[in-house]
Amino acid sequence: MSQVIRTASETYPEDKEEALHKVEEVEPDVLGHAFTEEESRAIVRKFDWHILPFIWWCYLFNSLDRNNVSNARSDGMTTDLHFPKNGYGTMLSVFYVPFCVLVVPGVMLTRKIGPRITIPGYMLGWGAMAMINVACRSFASVLVVRLLLGAFEAGFAASLIYYLTTFYTRGELGKRIAAFYSCNAISGAFSGLIAYGVFQMDSKLQGWQILFLIEGAFTVAFAALVAFVLPWSPAKARFLNEREKEVARLRILNDGSTKTDTKFDKKAFFKPLSDWKFYVFGSIALCYGIAAAVAGNFLTQIIGRFHYSTVKTNLFTVAPYIFGTLCLLITAWSSDYFRERGLHLASSLVLVFIGCIILVAIPVSSTGAGYFAVFLITGGAFTPSVLFHTWHQCNDPTEDGRAFRVGTFTFLANAGGIVSANIFLDKWAPGYRIPLAITAGVEALGLILILGLRAYMTLDNRRRNREQGVNYSSKDVPTQALSEGPANPLFRHFH
């Protein structure tokens, strides 16, 4: 006979939340009798089939249009457009300013008017900007285009993460975020392969111009498709019947949100600012963001220390990016399976730290060890985005709180791009020892913060269990009961 799960609303009605402060009212089996595991799995399969393939392609185009400047530089874009000394770093900084500053307004807009408008709208905007890159004839014009491109891309990734939290439970979220964030790593492989082919074409346009034109055009076309095919909430998913829509709602109330389909609440949106852990998470975001930016924007330049031709240098970026994608997917799967975030996140930063230290320590002429270190960096640089956002999203049961957190932390992670752009200067080429040493130090700081925060969460869970005479973990208390978050004695950290 099928195992049956009870909805949180049967035991914890929304109009009696004050009663939930009494631990003795929590039943030993907090899951109950409203839908079967088979029903839950069937709905997840439908969500996966109707959402993940499209989200994957959306984020692939986002990563391509953001990271292809590294390939374009290797084909002579900076020379053709007469970039000044350190102009490449200046261009990256100009992109990252709106890309960082507008994240929170971007995700707030998504909460206010809905992802149906903002997600395809952001795609149309940056795809058009990528195509306009072809018409740039000076360094100043590139700066204007990159500024606008950063503005359109700012709220996109954060909106996607928030969007997924409205469909999937906390224990399912890691793999699903990984499904589209893997594109951040694999886009480097795609871009390297595309660049390898494009840069050998005989055309009136430069190879880097064709690269921007192709990737921008695909983005615009796919944005139009996404506007019509993506479901924008479980309640409005055309592929679900009424029973399935109700089960989808109950699943989120049990392991996701206090309420579903809520309207935007400005006070609730900014409430995380009163939580001290918010600032620890923010510091972690800045640390891992530097590593992700190094891998995304400077991998081609790091491999350039081996003095291969332009074509070979781009080709040699493919394997490390694929390795980074595999590491991301495996680690995310393990994190969901064990319902654990902190240690998995720390393991990724360890890889980046070791890779940077190797590149600092060895001679530039040491190709084998250097290329191995590049694999370590890509193996660890892309995974934190998935595990970090899954971690903090799993510890806020409110829709507005999650939206603000993902927006702010994405802003801080993106700010890592500004840092990397201003330390990977031309004067440190080709070894980039000083920038790599700084990156290693920052990742070490991130490790300390991650392990410290996880230790606090573990000890606080144990304290709550000891005081209440129970043995609950995060999966044992329905999120519908936790509108007050950690202030409620029933709250358990998802660590």
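Let's start at Arg339: with 22% relative accessibility, this residue counts as partly exposed, because the buried class stops under 20%. Arg339 sits in the loop between helix H16 (318-338) and helix H17 (342-361). Its phi is near 50°, a positive value in a residue other than glycine. Keep in mind that this is a predicted model.

His82 is another residue to look at for its backbone. Phi of His82 is near 55°, again a positive value in a residue other than glycine. You'll find His82 in the loop between helix H4 (77-80) and H5. At 63% relative accessibility, His82 counts as exposed, because exposed means over 50%.

Now step back to the whole chain. The protein chain has 21 helices and 2 strands. Of its 495 residues, 60% count as buried. The accessible surface comes to about 19000 Å², and 65% of that belongs to carbon and sulfur atoms. How much of the contact between residues at least 6 apart in sequence joins residues at least 24 apart? The share is 83%.

The C-alpha atoms of Gln393 and Tyr162 are separated by 8.5 Å, although the two residues are 231 residues apart along the chain. Leaving out residues up to four places away in sequence, Gln393 touches Ile161, Tyr162, Thr165, Leu173, Arg402, Arg405 and Val406.

Ile161, Tyr162 and Thr165 are among the buried residues of H9. Helix H9 (residues 156-165) is mostly covered, with 10 of its 10 residues buried. The list of buried residues in H9 also includes Phe156, Ala157, Ala158, Ser159, Leu160, Tyr163 and Leu164.

What about helix H8 (residues 139-153)? Its 15 residues should span 21 Å at 1.5 Å a residue, and the end C-alpha atoms are 21 Å apart, which agrees. The buried residues of H8 are Phe139, Val142, Leu143, Val145, Arg146, Leu149, Gly150 and Glu153. An α-helix has 3.6 residues a turn, so residues three or four places apart point the same way.

Where does the side chain of Gln468 reach? It reaches the backbone oxygen of Pro489, at 2.7 Å.

Leu102 is found in the loop between helix H5 (87-101) and helix H6 (103-113). At 34% relative accessibility, Leu102 counts as partly exposed.

Here are the accessibility values for the residues discussed above, side by side.

| Residue | Relative accessibility | Class |
|---|---|---|
| Arg339 | 22% | partly exposed |
| Leu102 | 34% | partly exposed |
| His82 | 63% | exposed |

Technical notes
Residues are numbered from 1 along each chain as its sequence is written. This is a predicted model: local features need pLDDT of at least 70, side-chain atom pairs count only at pLDDT 80 or more; totals for chains, interfaces and linings use all residues. Side-chain values use heavy atoms; hydrogens and water are left out. A polar contact is a pair of N or O atoms within 3.5 Å; within protein, one must be able to donate a hydrogen and the other to accept it, and residues adjacent in sequence count only if both atoms are side-chain atoms. Helices (H or I, at least four residues) and strands (E, at least two) are DSSP runs, numbered from the N terminus. Buried means under 20% relative accessible area, exposed over 50%, partly exposed in between (1.4 Å probe, protein chains only). The expected span of a helix is 1.5 Å times one less than its number of residues. Contact means heavy atoms within 4.5 Å. Accessible areas come from the Shrake-Rupley method with a 1.4 Å probe; for residues, only the protein chains shown count as cover.
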